[in-house]
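Here are my notes on this one, as numbered points. Have the model open while you read.

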Amino acid sequence: MHFFTCCALLLVVVTLPTCFVQAGPIKDQCMAAAGITAQDVANRHETDDPGHSVKCFFRCFLENIGIIADNQIIPGAFDRVLGHIVTAEAVERMEATCNMIKSETTYDESCEFAWQISECYEGVRLSDVKKGQRTRNHRG
């Protein structure tokens with residue numbers, strides 16, 4: 001199951017032609033700010049708690065790609081960022097599920113909030129990717 005989740009996330013992040021054009025530099029910037037490596041991010045599911053720094057990486061990343069702001073999910077953000085490559089049903093499911101997650105206003109809580117949002121968004125499945133996007137990405 002983790003393999004398919006990772007594939008789906010890679011598919012999503014690698015293929016976004018508009019909102020994630022800056023994803024690589026943003027990812028690098030956020031890893032540096034959090035003081036973590038790409039391996040730390042990749043290993044995030046190996047324990048029950050990936051640690052404060054990894055969670056804060058996700059806060060930085062989700063803020064910079066326009067998913068969250070001021071400890072809240074930006075209305076319509078999932079659709080705006082991912083809607084052109086995932087099905088309408090996936091957008092509805094993710095927004096209905098993930099938008100229920102709320103945060104307190106503290107910095108530490110904002111990192112936990114971002115972690116919970118990233119975990120929720122990992123619910124995107126390969127079957128949620130629009131067929132044209134799936135084909136385009138498998139060409140390598």
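Which residues of α2 are buried? Before the points, some ground rules: this is a predicted model, where local features need pLDDT of at least 70, side-chain atom pairs count only at pLDDT 80 or more, and totals for chains, interfaces and linings use all residues. Numbering starts from 1 along each chain as its sequence is written, and side-chain values use heavy atoms, with hydrogens and water left out.

1. To the question, then: the buried residues of α2 are A23, I26, C30, M31 and A34 (buried is under 20% relative accessible area, exposed over 50%, partly exposed in between, with a 1.4 Å probe and protein chains only). They sit on the same side of α2, because they cover an arc of only 130 degrees around the axis (the arc is taken over the directions from the helix axis to the C-beta atoms).

2. Helix α2 itself covers residues 23-34, so 12 residues, and reaches 16 Å from its first C-alpha to its last, close to the 16 Å expected at 1.5 Å a residue (expected span: 1.5 Å times one less than the number of residues). Helices here are DSSP runs of H or I, at least four residues, and strands are runs of E, at least two, numbered from the N terminus. After α2 comes G35, with a positive phi near 70 degrees.

3. On to the rings. Searching the whole structure turns up 4 aromatic pairs (Phe, Tyr and Trp rings, the six-membered one for Trp, with centres within 6.5 Å; planes under 30 degrees apart are stacked, over 60 edge-to-face, the rest tilted). One of them, F57 with F61, is stacked, at 5.9 Å centre to centre and 20 degrees between the planes. Both residues lie in helix α4 (residues 52-64), 4 residues apart, about one turn of the helix. F57 counts as buried at 4% relative accessibility, and F61 does at 10%.

4. F78 and Y121 make a tilted pair, 4.7 Å centre to centre with 45 degrees between the planes. This pair links distant parts of the chain: F78 is in helix α5 (residues 77-82) and Y121 in helix α7 (residues 107-121), 43 residues apart. F78 is buried at 1% relative accessibility, and Y121 is buried at 8%.

5. Worth a look too: F57, F58, F61 and W115 form one aromatic cluster.

6. D49 lies in the loop between α3 (38-42) and α4, and is partly exposed at 46% relative accessible area.
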